[in-house]
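Could you take a quick look at this one with me?

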Amino acid sequence: MARTSLFRHYLFALSLWVFACITALKFGVATQLDPELVMQLRLPRVILATAVGMGLAVAGTTLQALFTNPLCEPYTLGISTGSALGSVLGISLGLQVNFAGLAGSSFFGALFFTGLLYLISLRPGTNNLTLLLAGVMLGFLGSSLVALWMAVTDANGIQGAILWLMGDLSRARIYGATFTLTVMLFLAYVVWTHSRELDALLMGEEGALVLGIPVAQTRRRLILMTSIIIGLCVSGGGMIGFVGLIIPHFVRRLIGSLHINTLPLCAIWGSTSLVLADTAARTLVRPYELPVGVVTALVGAPLFLWMMLKRQGDA
Amino acid sequence: MADAAPLVSIFGVCFSYGKNSVLREVSFELDRGKITALLGPNGSGKSTLLKIISGILPLQSPDSGQIRFSGTDFLSLSAPARARQIAYVPADLLAEFPLTAFEAVMMGQICHHPNLFNSSSQAERDQAHWAMEECLCWHLRERDLHSLSGGERQLVTLARALVQGAKVFLLDETLSKMDLNHQAAAGKLLRKWVSRGYSIVLVSHDLNLATEWADECVLLKQGEKIAWGPTREIITTERIRALYPGPELIVAPHPSTGMPKVFFGKMGS
């Protein structure tokens, strides 16, 4: 990919993100709102959507390379659910209710589920589709456990929790959102420094070994980082599906699969898409609000289906 | 070659999948400037052996064999260091993700610059360019891996191994999908590389291809080495029949090169 055309891709994606942010800040139910109120309500949401969208796209790209499967992403693999389970458990056990505590228990949930999937992927005879199905089942199991836990503990504000489980950015506050964005940028950078290992992993486990990558060690490190990212995404915005699937797929089509270029562009497109999706969630059925996860699933699930069937057709 | 010591020594390699013993006490040596063919029926442990030599497949215990490279314990080296010395060349490349042939060849550099920040781009590109020219696949550079034919992908795989900078190539059915033109060209290439002091191991089910190019042959049957030596001496009717007892095979010299060739005797009855 030539430098100039790469530059054009970045420039376009960044301008689109700026456009999405301006739209998100300007566009809403009441147009004559107090500008200060807009800043208080909408700005944190835009920042959080940027952070979570970036995290989901980066996590999706990384998971796809980790499992050598272009259909992987945090939500369809059930890792987001694991993360949600972690945070629900964390809250119910009264461990912590502050932001960092929530992110921490989300991280452990995500790590546990990713670890399970990793072990499943190591079993001989596990192919791409079995792994995917295992992830979907883990997701079912996780959401049932979340429902069970909420019923048993009679959690306060169960309505809010359900909204959050479907993906919801409306609880964003300026400090939390800024913190999430800062940490997310750092984590995305750390994953980006592993670009070459990720490239090699695209050739499969054996293919990466052939190229001189210590696969087990690299995978463990990447799983840890992906889990932190997903934990942060879920504690910030609940379970938002398909951003991590569609964006990497689309970006790879645009500029190829070398992660040194793909990861940053995925990050920008992920942010843009979630800012737009959140604006749609806020305004589509006014005066009500949709959970943003509903919007991403409405767009993403059919695309996922199409991708899966197309892959089968190619094979 | 002035250097008499073997480049790679394989000592007493044993391996088993569960209770199935795949390799039993296999030992031989690879010299500089030689092509060695590893021959045997399906399931005789050829691929497993290549993967063990290259370090992709770890030995099950420290006493189940040893690989020495220029006198040092090869398997104790780090993964990138191993990839720089011995390149395992697979039969195909996975093409699940959009990657061009050039990008795939560039990946051979990863063992030299695993870190994102100390890679020197232009030198790497030149190296990949040279390797692809050498392996007759430079014209495919912009093509996506999955749009290439099996044989074309194998040329790309060879170019990638060259970029790794290894001096030993372990070819695991790497020529199997090439047409006759490409096979002949690849054969010339292998000859050129061994004349530069490389050492090449060839696993192929095409016995006549292997005997045409190989200086030495190692015959494997059910995980045991049954013979090792110069091709002309090793490939005999008795040995080949012992290796493949089903069909009635005959070994006869090639009319012009004199290399031993394997033919079907009577088919059927």
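This is a predicted model: local features need pLDDT of at least 70, side-chain atom pairs count only at pLDDT 80 or more; totals for chains, interfaces and linings use all residues.

1. Residues are numbered from 1 along each chain as written, chains are lettered from A and ligands numbered from 1 in written order, and side-chain values use heavy atoms, without hydrogens or water.

2. How many cavities of 30 Å³ or more are there? The count is three (a cavity is a set of points on a 1 Å grid over the protein atoms alone where a 1.4 Å probe fits but cannot get out; lining residues have an atom within 4 Å of a point). A volume is the space filled by probe spheres set on the points, which are joined across faces, edges and corners.

3. The largest cavity has about 90 Å³, and its lining includes Leu209(A), Ile213(A), Ser54(B) and Arg82(B). H2(B) gives the largest share, three residues (helices are DSSP runs of H or I, at least four residues, and strands of E, at least two, numbered from the N terminus).

4. The second largest cavity holds about 50 Å³. Arg42(A), Arg45(A), Asp278(A) and Arg282(A) are among its lining residues, and H12(A) gives the most, with four residues.

5. Leu219(B) has Ala227(B) as its bridge partner. Two residues lie between the strands, and Gln222(B) takes a positive phi near 45 degrees.

Key:
Two strands pair if DSSP finds at least two bridges between them. On a 1 Å grid over the protein atoms alone, a cavity is a set of points where a 1.4 Å probe fits but cannot get out, and a pocket is an open set with protein on both sides within 12 Å along at least five of seven lines; lining residues have an atom within 4 Å of a point.
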